[in-house]
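This report sets out the architecture of a protein model in terms of its sheets, helices, domains and contacts.

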Amino acid sequence: MLSAEGLTVSFGRNRVVQAVTLDLPDASGGVAVIGESGSGKTTIARALLGLVRPTSGRVLFRGEDIARLGREGRARYRSEVQPVFQDGDEALDPRMRVGASIREALRIRRRRGPAAGPRAMSRATPSVADLLAAVLLDPGLADRRPHELSGGERQRVIIARALAVDPRLLILDEPTSALDVTVQAAVLDLLAGLRDERGLGYLLITHNLAIVERLCQYVHVLFAGHIVESGPAATVLAAPVHPYTRALRDAVPRLGGPPVPAGGTPEALPAATGCPFRHRCPIAVDSCATEMPPARPVADGHQVACHVATAAASPSSRT
Amino acid sequence: MSPVLTVDNLRVRAGDRLLASLDALEVGPGECAAIVGESGSGKTTTLNAMLGLTDDGLRVTGKIVIYGVDVVTAGERALRRLRGSAVALVSQSPRHSLNPTMRLGTLLRRALARHGLHGAPARKRTEAALRSVLLDPGLLRRYPHQVSGGQAQRFAIAMAVALRARVILADEPTSALDVTVQAAVLDLLARVRGEYGIAMVFVSHDLAAVSGVADRLVVMRDGGVVESGPVAAVLDRPTADYTRELLAAVPAIRR
């Protein structure tokens, strides 16, 4: 329903996202983009939301370039694709009671009417209380202002507001990274429940591999703006092939286990030529310095951009 | 070995409200105690009390003895002496705790000079400390904003090593870092405490991250300790419901 085709975004001379192609489903499915700070994952989210213009490549909504959508198409795109940003106190207007924030979104939904497509009209418009109940919040919270809520409650309000326009796809940018671990688990449960009940599609942007499988069936691993590995979540997380994905996975702390450093200094900057990961790569060869490896299939639906790594030759360092 | 840091009957109050309480804690050379809990549990308040950093209006009672000095009753001068040498703080955002107007090299040189180390001995100490944290000496020419979060954290640990700190108090030292950098810094903390026999108190909300470095766990909630004991025992046989809840919430991936 929403896809990026050869998406490239540059800020000045800085290429932040390089020729990224991905497809997002609109029903009960999740796709994750994982990567560390500076990998370009938030820029991809912003481009998919039309907040950043691609330098080259396109973002397609139901087959149409979002830069060329007409009035109706645009209204439909705006209601069907909704962002849920990391809390950060920034996503809600601090002067508005949270009920008013949600009501504002509901008003937009009503005003849009038929332009938002037949689907929006087929369901009765919910009330603020309905939406708060949907995210398992006490409807009494509608009278509070954002600063009177906990981080977990605020995040639920942001999700409720996104649901107000009856979206098909939520773009979740680090939806739980500002939350305590028990609150994080509750918000992930809520998102998984909403996906199944309402048939929502998710794009999950995160640096935390451990939350991916809860919400997503498919993952893309991003390093320095390039997708270096893509595939079914279960395969990529259980048997990663690209050395970067393996480093990411091994670095997730395990209860009681000693920390597993990736070797070298993970702070090293991406290489400007050839494969961007080569300065940190334990298996780099000469050709990595000159050529960016193209993505090649290693199994059904599983692609890796590496000159060297193969599923058999790079068993995981830990099992 | 006799403990480097001892806490006895610590209570931190704001008026009638109890913000943090810790009945007993002993940390010996090369040992690491982790205090875990969520926001509002009192873990950072406890750590700040160990540094003698308590806001006006907070009342601290009990004893915190570090290297023979009772932090609770010590005067400002004694505290400053303690903080500059025996006790080092590794904070969540080291780039913000380093003076932004000075190059890293200048910061380290000044700190060493305060301990009477100048010239060649100071340089030798610096080189060895940077080697132990895998930092390129070229980084000393940079200002704090010119290094990454992971590099700044390595530098903060190098400072502690160079100044021969006996105790490192670490407040969420890896929470702001990417997962691969986090693993490297955790590994570094574990090695430094072994190699130099530094005692550590590690405060975090991340049970999985601390469990690989610490040998004792203190689980706090709402200002009180709900459970404490050796790491393996708390992880394998948690006694408090809250600890079980925390353990269940730790996201994991299949390996």
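Which residue stands opposite B:Val7 in S4(B)? The residue is B:Ile64.

## Basis of the description

This is a predicted model, in which local features need pLDDT of at least 70 and side-chain atom pairs count only at pLDDT 80 or more, whereas totals for chains, interfaces and linings use all residues. Residues are numbered from 1 along each chain as its sequence is written, and chains are lettered from A and ligands numbered from 1 in the order in which they are written.

Helices (H or I, at least four residues) and strands (E, at least two) are DSSP runs numbered from the N terminus. Two strands pair if DSSP finds at least two bridges between them.

## Sheets of chain B

An open sheet of four strands in chain B has the order S2-S1-S4-S5, and its pairing is antiparallel. Strand S2 (17–27) and strand S5 (69–70) of chain B are at the edges with a single partner strand each, so one side of each has no neighbour in the sheet. Within this sheet, strand S1 (residues 5–14) of chain B is joined to strand S4 (residues 58–66) of chain B by eight bridges, and the two run antiparallel.

Strand S9 (residues 216–221) of chain B and S10(B) run antiparallel and are joined by six bridges. Opposite B:Met220 stands B:Val225 in S10(B).

## Helix H1 of chain B

Is H1(B) largely enclosed or left open by the rest of the structure? Eight of its eight residues are buried, so H1(B) is largely enclosed. A residue counts as buried if 20 or more other C-beta atoms lie within 10 Å of its own, as exposed if 12 or fewer do, and as partly exposed in between, with C-beta atoms placed from the backbone. The buried residues include B:Lys43 and B:Asn48 as well as B:Leu47 and B:Met50. Just after H1(B), B:Gly52 takes a positive phi of about 75°.

Strand S1 (residues 2–11) of chain A runs antiparallel to strand S2 (residues 14–24) of chain A, with seven bridges between them. A:Ser10 stands opposite A:Arg15 in S2(A). The hairpin of S1(A) and S2(A) has two residues between the strands, and A:Gly12 takes a positive phi near 60° there. S1(A) is also joined by five bridges to strand S4 (residues 56–61) of chain A, again antiparallel, and A:Ser3 has A:Leu60 as its bridge partner in S4(A).

A:Ile171 belongs to strand S7 (residues 169–173) of chain A. This residue is buried, with 24 other C-beta atoms within 10 Å. Leaving aside neighbours within four places in sequence, the contacts of A:Ile171 include A:Leu48, A:Val81 and A:Leu203; two residues are in contact if their C-beta atoms, placed from the backbone, lie within 7 Å.

## Domains and core

Chain A is divided into domain 1 (2–216) and domain 2 (233–304), with bounds from an automatic or database domain assignment. The centres of these two domains of chain A, taken over C-alpha atoms, are 29 Å apart. Six residues of domain 1 of chain A are in contact with six residues of domain 2 of chain A.

The largest nonpolar core has 170 residues, and those with the most contacts inside it are A:Leu203, A:Val212 and B:Val201. Such a core is a set of buried Ala, Val, Leu, Ile, Met, Phe, Trp, Tyr and Cys residues joined through C-beta atoms within 7 Å. Domain 1 (2–216) and domain 2 (233–304) of chain A each supply at least three residues to this core.

## Interface between the chains

In the contact between the chains, 34 residues of chain A meet 36 residues of chain B. Helix H7 (181–198), helix H9 (233–238) and helix H10 (243–251) of chain A are the elements that give two or more residues to the side of chain A that touches chain B. H10(A) gives the most, with four residues.
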